[in-house]
Amino acid sequence: MKNLFPLLLIVMPAGAVAAPEPDFSVRETREAVYDFARCVAKRNHDRAAKVVLEDVGNAEILRRYNRLVSGECLLKATPHTSGTVELRLAGDQFRYALADALVAVDLADVPPRDLTLVAPLKHREINASDYEAPAGKKISRREAEELADAKIEALGYFYLSRFGECVVRTDAVAAKALLMAEPTSPEEDVAFTALGPLLGNCVEAGQQFKASKAMLRGTIAVNYYRLAMAPLVPAPGMNQ
């Protein structure tokens, strides 16, 4: 039987080996991921929102929310592609894409809220045991190095998540302007330039990381959506 969807979307579980270099340009990849996520958010809105709002990990996404890994939406996002294409989304990149789409679908016409009335978000902690050899099992030097690299990557996403919350809280209007711009567009460049002065202020003391535009936009999208949907905390003096 002919394969109706000769495209592979791979959401990589924690600790997975990094993907090989893509065949598509950065621009083409970002545009395809954006179109794919918009399709998923419209077809499976509630599941997509739950994954973002509850900060669901990749292993659980693959186990409980596999309908979001839609070959049909990927096919729609890459209509001019022939043969097999692998789209690998590691770390928080799948949630980044979903959050970006959900902001466009749910919040385009909603002004940024007063975030002083929103409690700090919880960010998924790193479980050190996930990056250690099982008790009593010897692993090779290469495997140990891969685990160490995976732990560093996971910590990077953790700090990037907190960084994103800081950016949104510092200037929600500028954050939304970024998310309303199409990826790779001149408008996105303008929005990143406007955000530039405050990005450095949100890097935690003693931490440093390298992040692409897609990752910066993604963590801002996740945190913008979570903060926009979070319950409000009564101001001091208000009746509970």
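Modeller: Accessible areas come from the Shrake-Rupley method with a 1.4 Å probe, and for residues only the protein chains shown count as cover. Here the accessible surface of the chain comes to about 13900 Å², with 55% belonging to carbon and sulfur atoms. The model is predicted: local features need pLDDT of at least 70, side-chain atom pairs count only at pLDDT 80 or more, and totals for chains, interfaces and linings use all residues. Residues are numbered from 1 along each chain as its sequence is written, and side-chain values use heavy atoms, leaving out hydrogens and water.

Biologist: How many helices and strands does the secondary structure of the chain come to?

Modeller: Helices (H or I, at least four residues) and strands (E, at least two) are DSSP runs, numbered from the N terminus. The chain has 9 helices and 2 strands.

Biologist: Which residues of helix α2 are buried?

Modeller: Buried means under 20% relative accessible area (1.4 Å probe, protein chains only). In α2 (residues 45-53), these are Ala-48, Ala-49, Val-51 and Val-52. The arc is that of the directions from the helix axis to the C-beta atoms. The buried residues of α2 fall within an arc of 160° seen down its axis, so they line one face of the helix.

Biologist: At what angle do helix α6 and helix α9 pack?

Modeller: Two packed helices are described by the angle between their axes and the distance between the axes. Axes are lines fitted to C-alpha atoms, for helices over the stretch in contact (heavy atoms within 4.5 Å), and angles run from 0 to 180 degrees between N-to-C directions. Helices α6 (residues 141-170) and α9 (residues 213-229) pack at about 65°, with axes 8 Å apart.

Technical notes: Buried < 20%, exposed > 50% of the residue type's maximum accessible area, 1.4 Å probe, protein only.
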